[in-house]
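Please open the model in your viewer and keep the sequence beside it.

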Amino acid sequence: GEAGGVELERTGRKAAEDALEVVKEKSKTLIKKYKAQFDEARDEVAKLTETLREQEELTETLRADLRGQEELTESLRAELREREELTEKLHVEGRGVATPFRERGGRAE
């Protein structure tokens, strides 16, 4: 009976070692799979980060363009105000010049 017990123990140990080997192989496979998924996710995050950085640069460029447009618009408004003031001044002076002429009956001196 003793030899049968030793044989059973050896068979049990062999089965346990085989099971452990299967678990190790499955673990390695899962680790590789999860590492690949992690690497893929990390690459995707890197791409998204780069896209975000490019969008931020574009936004800053557009803001600078907008500031330039606003400055140009303000400059044009100032120029328009000056021209309106000048036109008004000339109009007033023009009336002043025309009045004595009309008072003389429209004749030049």
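Predicted model: local features only at pLDDT ≥ 70, side-chain atom pairs only at ≥ 80, totals over all residues.

A residue is called buried when its relative accessible area is under 20%, exposed when that area is over 50%, and partly exposed in between.

**The whole chain**

Begin by selecting the entire protein chain. How many helices and strands are there in the protein chain? The chain holds one helix and zero strands. Next, colour the 109 residues by accessibility: buried residues account for 0% of them. The chain exposes about 10,100 Å², and 59% of this area is supplied by carbon and sulfur atoms.

**Charged pairs along the helix**

Side chains of opposite charge can pair when their charged atoms come close. In this model the count of salt bridges comes to 13. The next stops visit some of them.

Select Glu25 and Lys28. Their side chains meet in a salt bridge, with 3.7 Å from N to O. The two residues are three apart in helix α1, which spans residues 2-103, and so about one helical turn separates them. Are these residues buried, partly exposed or exposed? Lys28 has a relative accessible area of 48% and is partly exposed; Glu25, with 39%, is also partly exposed.

Move on to Glu50 and Arg53. Here the salt bridge has an N to O distance of 2.6 Å. Both residues belong to helix α1 and stand three residues apart, about one turn of the helix. Glu50 is partly exposed at 33% relative accessibility, and Arg53 is partly exposed at 37%.

Now select Glu60 and Arg63. A salt bridge joins their side chains, at 3.8 Å from N to O. What separates Glu60 and Arg63 in helix α1? They are three residues apart, and therefore about one helical turn lies between them. Glu60 has a relative accessible area of 39%, which makes it partly exposed. Arg63 stands at 48% relative accessibility. Because the exposed class requires over 50%, Arg63 counts as partly exposed.

**A linked group**

For the last stop, select Lys35, Asp39 and Arg42 together. Which kind of contact links Lys35, Asp39 and Arg42 in a network? The three residues are connected by salt bridges. To finish, return to the view of the whole chain, with its one helix and its count of 13 salt bridges.

Technical notes
Residues numbered from 1 in each chain as written. Heavy atoms only, no water. Helix = DSSP H or I, 4+ residues; strand = E, 2+ residues; numbered from the N terminus. Buried < 20%, exposed > 50% of the residue type's maximum accessible area, 1.4 Å probe, protein only. Areas by Shrake-Rupley, 256 points an atom, 1.4 Å probe, with all protein chains shown as cover. Salt bridge = Lys/Arg side-chain N within 4 Å of Asp/Glu carboxyl O.
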